[in-house]
Amino acid sequence: MNNTINLIEKLYKTHSLELCEYEFLIKNRNEESAALLKEYAVKERKKHYSNSVFVRGLIEISNICKNDCYYCGIRNSNHNCDRYRLSKEEILECCKEGYYLGFRTFVMQGGEDGTFTDEWLTDLIHSIKQNYPDCAVTLSLGERSKESYQKLFDSGADRYLLRHETADEHHYSKLHPDELTLKNRLECLKNLKEIGFQTGCGFMVGSPYQTTKNLAQDLKFIEDFSPDMCGVGPFIPHKDTMFKNHKAGDADLCCYLLSIIRLIKPNILLPATTALGTVENDGREKGILCGANVVMPNLSPMSVRKKYALYDGKISTGEESAQSLNNLKKSMNAIGYEVVVDRGDINNNL
Ligand code: 5AD
């Protein structure tokens, strides 16, 4: 009897495993288990999304951040980081170009920049929605109060991405300074969901001090929280952080986890992340082939792209950029998938 295969069958049928079973599945990863997970994951993603790949135009609106997450290149105490903040006009210009290219979701991502008041953001969201009523607006701007999230939602924002980073409190404290807590992070995620955002969590694969059990905890958290979206990419060291000498996360393990997450929640919106495309040339294609269904090309102005350096070597002007959408379409076609012009909301109908 092969326990790994049995667990995959159980996961495929019930969308749930015990914590120790997730841990076993990760510990005993081998070619056979990876192949079966991938086969089932693709079957599920096709049931819900056919061979469509959703694209999101990622606009990195500021690299100014009050936080000091130990792994992140734009953390507050990195004095080598060349800081910038886009103006409303610059952001609208990105949307204009993105719309023309075929994007129908704009993701505004940035550090926790104090100038992003509720007033400033609601005005921006109103303008985007007014100009592009057929587009979805996703925000990825970190932790805010419930009242603030409510205002952003009321002004028209559709989705919010806030990676939980790790579901283990002790591990969380090894990656973040004391003022940042897992408790608060999870409170924010709960609030976002209650308000009605399509909500995304996520974590890094291979972050410093991460154990297999921690990854199992992440999977169990995803099962319990049932997010609409989940961002999972390998950790990549940044030279100006205390983790500069740690090694990057493993792309194959990342893909294995993507397949598992697809089976936990078959209709989840699951990106093949830029970090995955950074650690391996064909990382994004691999991610799609393992059950991911979203790609987030970079729409930020060329002049700031290098400055939004969360980690070293982040691809920014090549195949991952929004301007290379035609190449992305071709590479997706080559593996049997199709980039679609669509808001790409979660499919709750099946
Ligand atoms: N390597 C990979 N991902 C990172 N992020 C931040 N720093 C790194 C890094 N060094 C991820 C975090 C964050 C998201 C915006 O980027 O998970 O939530």
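Leu 253 counts as buried because its relative accessibility is 14%, where buried means under 20% relative accessible area, exposed over 50% and partly exposed in between (1.4 Å probe, protein chains only). Leu 253 lies in helix H10, a helix that packs with H2 and with H3. This is a predicted model in which local features need pLDDT of at least 70 and side-chain atom pairs count only at pLDDT 80 or more, while totals for chains, interfaces and linings use all residues. Residues are numbered from 1 along each chain as its sequence is written, and side-chain values use heavy atoms, with hydrogens and water left out. Helices (H or I, at least four residues) and strands (E, at least two) are DSSP runs numbered from the N terminus.

**Leu 253**
- Not counting residues up to four places away in sequence, Leu 253 touches Ile 26, Arg 29, Val 205 and Leu 215; contact means heavy atoms within 4.5 Å.
- Gly 206 is 47 residues from Leu 253 in sequence and 8.9 Å from it in space, C-alpha to C-alpha.

**H2 and H10**
- In helix H2 (residues 19–27), Glu 21, Tyr 22, Glu 23, Leu 25 and Ile 26 are buried, and the buried residues of H2 pack against helix H1 (3–14), H9 and H10.
- The axes of H2 and H10 are 11 Å apart, at an angle of about 145°; axes are lines fitted to C-alpha atoms, for helices over the stretch in contact, and angles run from 0 to 180 degrees between N-to-C directions.
- The crossing of H2 and H10 is right-handed, that is, the near helix is turned clockwise from the far one by less than a right angle, anticlockwise being left-handed.
- From H2, Tyr 22, Leu 25 and Ile 26 meet Leu 253, Tyr 256, Leu 257, Ile 260 and Ile 264 of H10.

**H3 and H10**
- Helix H3 (residues 31–49) and helix H10 (residues 251–264) cross at roughly 45°, their axes coming within 8 Å.
- H3 is therefore oblique to H10, since angles under 35 degrees count as roughly parallel, over 145 as roughly antiparallel, 65 to 115 as roughly perpendicular and the rest as oblique.
- H3 and H10 cross in a left-handed sense.
- Residues making this contact include Leu 37, Tyr 40 and Arg 45 of H3 and Tyr 256, Ile 260 and Arg 262 of H10.

**H8**
- Buried residues of H8 include Leu 182, Cys 188 and Ile 195.
- Among the elements that the buried residues of H8 pack against are strand S6 (198–205) and helix H9 (212–225).
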